[in-house]
Amino acid sequence: MCLGIPMKVLQIDGFNARCEAKGVEREVSLFMLQDEEVKPGDYVMIHVGYAIQKMTPQEARSAWEIFDQMLAADGPPDTTL
Amino acid sequence: MRYVDEFRQRELAQQLAAAIRKEADPQRQYNLMEFCGGHTHAIFRYGVQDLMPSNVHFVHGPGCPVCVLPVGRIDNAIQLVEQHDVILCTYGDMLRVPASGRKSLLKIKAGGADIRMVYSTQDALRIARDNPDRQVVFFAIGFETTTPPTAVAIKQARTEALDNFSVFSNHVLTPAAIQNILESPEVREMGSVSIDGFFGPSHVSSIIGSRPYEFFAEEFQRPVVIAGFEPLDVMQSALMLIRQLNEGRHEVENEYTRVVTREGNTKAQSLVAEVFELRRTFEWRGLGLVPYSALQIKKAFAGLDAEQRFHVPAISASDVKGCECPSILRGVKRPTDCKLFGTVCTPENPMGSCMVSSEGACAAYWSYGRFRQPEKSDTREDAA
Ligand code: SF4
């Protein structure tokens, strides 16, 4: 639960954003980032369905590489990420 | 690109390891507690311990939210389903945690109980909207990063007048737990555990900021370095802690300056402050009753508090006999000290909470096979 997943913002509608990672799309809440400017194309760290911080594309990519290695080694991901 | 990055990471890891070996004073021991399960996982997954000299030790702390929830609270959740016929919404990690009487949420779900795994508090709200004639309870657990989403859901339920929704709050606080460990007799009386410094969890800190750690860094004279979850972050932070200890400093430093500020995410904090207040005391697995270490729903939102709506009783239940989770969570014992480890207790059939979550120390020991390796080898090269 502690880890969180980086996702790319596709579309924003109020506090809701459609985000994508690895071909999987998900509805996430931007409620906690309302003091920051988030736009489509940005990367955000998602924790239990909520974006908690913005990230650079490099940070998102390096986090995903680590997840890839973990998935390869461990089987299906922790569902509450 | 990927291979370039991997190469860079490996090279950086070797450089960091060399710096740590050079700076760690062979005359002393460095016991560094990683509080958070995310760090525990990274350390095992990438064999970070193997890159450390033999006098630098990682002590695993109680920062896995699933692990620290006491059996009694899971029994409470089961009662909510069995006695009040609610739909219980829970994060997936909780499903397999053993409760009293050989039960678990997963087992009673298999027996027909209406338990739904959710990814987000928004899913729980949706289930409540879709089932207006059923009571829907969200089983809320976690540290400071998971609390604001629960607060959002409570406020939303109030706005929408979603009367069939309520929250069973088990949210806990990181600084209170660290302080409790430092005040425990095992640490204070120089007995079985010594902890010289802490890794602070980065995501929790991005919400609460670095300020809450300042008090105990000063009071207990222990350095804290807020660290990201990647293996290089952990190594870099270990080096920062070693430097502080060598120089006799005990400050709060931030390896994760990218996202953690002293103030934290004030929007999230004000949401939490609006909905939650401190509990006078809360039971943790391993730590027992810890004063002011958890959050309860404020009176203004009492209508959405499942503990009030269903008169949830205090249950004190004990762990499975032989399970050493309580001592492991305090850093007093290791998973391999448990007689059930790997024999009766495995991730497929967990006896205690530390074997359930991938962030738990027993699951990490088991999955990454550290228990099969010799305690030390400074030669492993593929760790990062
Ligand atoms: S191995 Fe299993 S029974 Fe032993 S301490 Fe860990 S979780 Fe508990």
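Helix H6(B) crosses helix H7(B) in a right-handed sense, right-handed meaning that the near helix is turned clockwise from the far one by less than a right angle. The model is predicted: local features need pLDDT of at least 70, side-chain atom pairs count only at pLDDT 80 or more, and totals for chains, interfaces and linings use all residues. Residues are numbered from 1 along each chain as its sequence is written, chains are lettered from A and ligands numbered from 1 in the order in which they are written, and side-chain values use heavy atoms, without hydrogens and water.

**The helix pair**
- H6 covers residues 121-130 of chain B and H7 residues 147-160 of chain B; their axes come within 9 Å and cross at roughly 25 degrees.
- The two helices are therefore roughly parallel (angles under 35 degrees).
- On H6(B), the contact (heavy atoms within 4.5 Å) involves B:Thr121, B:Gln122, B:Leu125 and B:Arg129.
- H7(B) contributes B:Pro149, B:Thr150, B:Val152, B:Ala153, B:Gln156, B:Ala157 and B:Glu160.

**Chain B overall**
- Chain B holds 16 helices and 13 strands (DSSP runs: H or I of at least four residues, and E of at least two).
- Its radius of gyration, 21 Å, is close to the 21 Å that the globule rule gives for 384 residues, so chain B is as compact as a globular protein of that length (the radius is taken over C-alpha atoms, and the rule is 2.2 Å times the number of residues to the power 0.38).
- The C-alpha trace of chain B spans about 65 × 50 × 45 Å along its principal axes.
- Of the 384 residues in chain B, 61% are buried (under 20% relative accessible area, 1.4 Å probe, protein chains only).

Conventions. Axes fitted to C-alpha atoms, helices over the stretch in contact; angles between N-to-C directions. Parallel < 35°, antiparallel > 145°, perpendicular 65-115°, else oblique. Buried < 20%, exposed > 50% of the residue type's maximum accessible area, 1.4 Å probe, protein only.
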